[in-house]
Amino acid sequence: MLSVGPTPASATGGVWCHHEDASTKFDFKAVMSRSGIGAWFDIGGRLETKSGRLPGHIARFEVEDRNLTQRWLGREGILLQIQKFDAKARAGVMLTLATKSIDEGPYEGEYELRVTLGGGDEPDIIRTGRITCGGD
C-alpha cells in the first residue's frame, strides 16, 4: 500500500564571501541545510595570495571541499579555514575567516592569511585584514 502525504520541506541556505586587498583575493560560496545539520555542498571559489614567494599552484588555487578544513555558519557568525600545502615544495597557505553577524545583516570580521615557506626554516608570513561575508 502506498501512502501519500505531505513531505517535509528541505530548505537550504548558503554562505558567500568576496574579498580583495593587497595581500589576497578570495571568492567563496557553499550551500548547506538551514538547520545547520549535514554536509556543505556545491563548495567553490578561488584563493590567490599576493606574497609572490609561493609556487604558483599554492599561491593560486580553486577552493574545494578538501581545502576547507574548518566550516561553521550560525546566527553568531561564520568561521572558515582553507588550507593548501605541498610537502615537496615545503610551502603552504592557510586562510582563516572569523566573522560575527551584524544586526541580522552581513557577517563582518577579520581574516588571517598565513604563508609558510621553507618547511619552518623561515618565519611564516602573516597578513590580517577586515572581511565581510553573507549567509542565510
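Me: Which residues does Trp40 touch, leaving out those up to four places away in sequence?
Reply: This is a predicted model. In it, Trp40 touches Val15, Phe28, Ala30, Val31 and Met32, and also Leu68, Arg71, Trp72, Leu73 and Leu80.

Me: And which residues have the most contacts inside the largest nonpolar core?
Reply: Trp40 is one of them, along with Phe26, Phe28 and Leu97. That core has 30 residues.

Me: Which strands and helices each supply at least two residues of this core?
Reply: Helix H1 (56-59) does. So do the strands S1 (12-20), S2 (24-33), S3 (41-49), S6 (77-86), S7 (91-101), S8 (107-117) and S9 (125-135).

Me: Which one gives the most to this core?
Reply: S8, with five residues.

Me: New topic. How many disulfides does a search of the whole structure find?
Reply: One. Cys17 and Cys133 form it, with their sulfur atoms 2.0 Å apart.

Me: Is Cys17 buried or exposed?
Reply: Cys17 is buried, at 5% relative accessible area. Cys133 is buried as well, at 4%.

Me: Why is the disulfide of Cys17 and Cys133 called right-handed?
Reply: Because the torsion about its S-S bond is about 110°.

Me: Let's go to Thr99. Where is Thr99 found?
Reply: In strand S7. Thr99 counts as buried, because its relative accessibility is 6% and the cut-off for buried is under 20%.

Me: What does Thr99 touch, again without residues up to four places away?
Reply: Cys133, from the disulfide pair, is one of its contacts.

Me: Last one, Arg90. What is its phi?
Reply: Arg90 has a positive phi of about 55°, although it is not a glycine. Most residues other than glycine have a negative phi.

Me: Where is the place of Arg90?
Reply: Arg90 is in the loop between S6 and S7. Its relative accessibility is 41%, so Arg90 counts as partly exposed.

Note on methods
Residues are numbered from 1 along each chain as its sequence is written. This is a predicted model: local features need pLDDT of at least 70, side-chain atom pairs count only at pLDDT 80 or more; totals for chains, interfaces and linings use all residues. Side-chain values use heavy atoms; hydrogens and water are left out. A nonpolar core is a set of buried Ala, Val, Leu, Ile, Met, Phe, Trp, Tyr and Cys residues joined through side-chain atoms within 4.5 Å. Buried means under 20% relative accessible area, exposed over 50%, partly exposed in between (1.4 Å probe, protein chains only). Helices (H or I, at least four residues) and strands (E, at least two) are DSSP runs, numbered from the N terminus. Contact means heavy atoms within 4.5 Å. A disulfide is a pair of cysteine sulfur atoms within 2.5 Å.
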